[in-house]
Amino acid sequence: MNAQNRIYVTLSPRLRKALELCALLDGSNSASYAASLLSNAIMREIERNPALRQRWTEMEQEALLKGGWDSASTGQQSQARKSEAAPGWLLSGDHAECYESGVEEQDDGKNSGYLRSKETWSEGFGTLMQTFTAGEYRGKRLRYSALVKTEDVEDWAGLWLRADGTQQRMLAFDNMKDRPITGITDWRRYDIVLDVPQECSKLAFGILLHGPGQVWISDIQFTVVDTGTPTTKPPLSDRPTNLDFTH
């Protein structure tokens, strides 16, 4: 039984008849009409309650970072907190409590931030991150790059960059999930290149770790590049393309 039908069968016979009437006039079936009403009511409740609205925004950010909603937590443990890495940094993620961060001096004398799992079974992901206003980067192509080193990363790690509009609407996003960093790697520079829309209000960036292991980040740079530099995530198309599967 799908979710729509499960919602429908839990209702009283009286409400089922009411739904059948509404669905008949709407041109849909009773189960889908019930699911639609429930969805709308839930979202209205979230918008009406400031605390729910704030937590929902955080969950949306977690889901965007992860690439799905399965790991988005309703608990308080996933809320961002100040990182021990350095002032200005936050330790966040859908299971931030499973990770820790800090600062280490490298062989060349420069500091690097690190993010590591607390246990060999760490769930979800953690991220060391910052958010800042888009300002001078609006309407430009932006490269976010950093030196990254990993140790015993069992699942994956990567840089991430997100451009947000008003009301937390995501305008552009790349978390390197399609080109993950895994295992043991020495220092190497990685890049994310995104177009920052003119309507962008803020940018968020960081390094994420999913699962056991440790990742270091250093020498972070933000550079405006010309349009000849390809983006690492192509923008969404305005319309569907290649519907006839032409080579």
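This is a predicted model: local features need pLDDT of at least 70, side-chain atom pairs count only at pLDDT 80 or more; totals for chains, interfaces and linings use all residues.
Residues are numbered from 1 along each chain as its sequence is written, and side-chain values use heavy atoms, with hydrogens and water left out. Local features need pLDDT of at least 70 and side-chain atom pairs count only at pLDDT 80 or more, while totals for chains, interfaces and linings use all residues.

Side chains of opposite charge can pair when their charged atoms come close. Here a salt bridge means a side-chain nitrogen of Lys or Arg within 4 Å of a carboxyl oxygen of Asp or Glu. The count by this rule is eight salt bridges.

**First stop.** Select glutamate 100 and arginine 116: their side chains meet in a salt bridge, 2.7 Å from N to O. Glutamate 100 sits in strand 3 (residues 99–105) and arginine 116 in strand 4 (residues 111–117), so this pair ties together parts 16 residues apart in sequence. Strands are DSSP runs of E, at least two residues, numbered from the N terminus.

**Next stop.** Now select arginine 189 and aspartate 219, whose closest N and O atoms are 2.4 Å apart in a salt bridge. Arginine 189 is in strand 8 and aspartate 219 in strand 10, so the pair links parts 30 residues apart in sequence.

**Last stop.** Select aspartate 178 and lysine 233 to find a salt bridge of 3.4 Å, N to O. Aspartate 178 lies in the loop between strand 7 (170–174) and strand 8 (181–195), and lysine 233 in the segment after strand 10 (214–225), so parts 55 residues apart in sequence are tied together.

Key. Helices (H or I, at least four residues) and strands (E, at least two) are DSSP runs, numbered from the N terminus.
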